[in-house]
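Dear colleague,

Please find the structure below, together with its sequence.

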Amino acid sequence: MAVGVGFLLLGAGAVGAFLLVPSRGVTSDDATVIGPVSTPPGSTAHAAVLTGTTTGTGSFGVHWISTGPTVVDLYDASNCPLGASNCPLGMPIAAWPSNDSGHWNESGALAFPLLLTWRVAGTSNVTFQASSDEQWTTSAPPPMLTTLLVFGSGGVLAAVGAVAVFLGLFLRTGVYQGPPRLVSRSADDVESIAGGPPRERPRSPR
C-alpha cells in the first residue's frame, strides 16, 4: 500500500510541477504612425485614432512634434461604440495647450482606441506628426508534445499507484505464499507427511 501511495504522489507531483512552473512570456508590439500632416491655422481640430490591444499589463507611449505652436489633446475613446470620432469624449487624459512637441506614457491596464486631436495655435501652417507604441507580454502555451508526455506519464504513475493501493486495501494477506503446512491428524498419515512410503495396513485374517 505504501508503494501505491508513493506512485500516486509521484504522478500528482509531476503534473503539479508542470502546471506551476511559469511559462516564458512572448512580447508583442503595436505601433501607429501619423503624418507628417500639413495643418492650416483655424479652430477646427484634426484627429487621428491610435489603436492597440486592450490588456491588463502593458506599456504605451505617444510622441508628437510640430513645426509651430499646436494645441494637442489625447482622449480615451475605448467606450465609444460608434468610433472614436463620433463619441462624446469628456476630459482629455493628456493635454498640451500650445507646444511644438509632447510625450506621454502609461503602464499597467490599457484600453483602446485612443483619439489624438490637434489644431494650430498660431497663424501659420504647421507640419504635424505623431507616433504611438504599445508593448505587452502574453504567456506562451507549452508545446503539445511536452504537455502530452507530462500528463501521460503522470496518469500512468497515478494509475499504477491506485491499483497498488486497491490491492493493499482489499487483497487477502498471504495470497502469494505457498500452500499451508501439512499437519498430521492421525498415526496413519505421519509417514506420508514426512515424505516416506505409505504404511501398509495389516490384512485382517480370513
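**Surface and overall make-up**

The protein has an accessible surface of about 14,000 Å², and 61% of that belongs to carbon and sulfur atoms. Accessible areas come from the Shrake-Rupley method with a 1.4 Å probe, and for residues only the protein chains shown count as cover.

Please note that this is a predicted model, in which local features need pLDDT of at least 70 and side-chain atom pairs count only at pLDDT 80 or more, while totals for chains, interfaces and linings use all residues. Residues are numbered from 1 along each chain as its sequence is written, and side-chain values use heavy atoms, with hydrogens and water left out.

The protein contains 3 helices and 6 strands, in the order α-β-β-β-β-β-β-α-α from the N terminus. Helices (H or I, at least four residues) and strands (E, at least two) are DSSP runs, numbered from the N terminus. Of the 206 residues, 23% are buried; buried means under 20% relative accessible area, exposed over 50%, and partly exposed in between (1.4 Å probe, protein chains only). Among contacts (heavy atoms within 4.5 Å) between residues at least 6 apart in sequence, 82% join residues at least 24 apart.

V37 lies in strand β1, residues 25-39, and counts as partly exposed because its relative accessibility is 26%. Beyond its neighbours within four places in sequence, V37 is in contact with W118, V126, T127 and F128. The C-alpha atoms of V37 and Q129 are 6.1 Å apart, although 92 residues separate the two in sequence.

P36 is also placed in strand β1, and the peptide bond from G35 to P36 is cis, with omega near 10°. The bond from F112 to P113 is cis as well, with omega near 5°; P113 is found in the loop between β4 (94-110) and β5 (114-120). In general, most peptide bonds are trans.

**Aromatic pairs**

The whole structure holds 5 aromatic pairs. Rings of Phe, Tyr and Trp (its six-membered ring) pair if their centres lie within 6.5 Å; planes under 30 degrees apart count as stacked, over 60 as edge-to-face and the rest as tilted.

F60 and F112 form an edge-to-face pair, 5.2 Å centre to centre with 70° between the planes. This pair links F60 in strand β3 (residues 55-76) with F112 in the loop between β4 and β5, 52 residues apart. F60 is buried at 3% relative accessible area, and F112 is buried at 10%.

W118 and F128 are stacked, because their ring centres are 4.2 Å apart and their planes are at 15°. W118 belongs to strand β5 and F128 to strand β6 (residues 126-139), and both residues are buried. Together with W64 and W96, they form one aromatic cluster.

Yours sincerely
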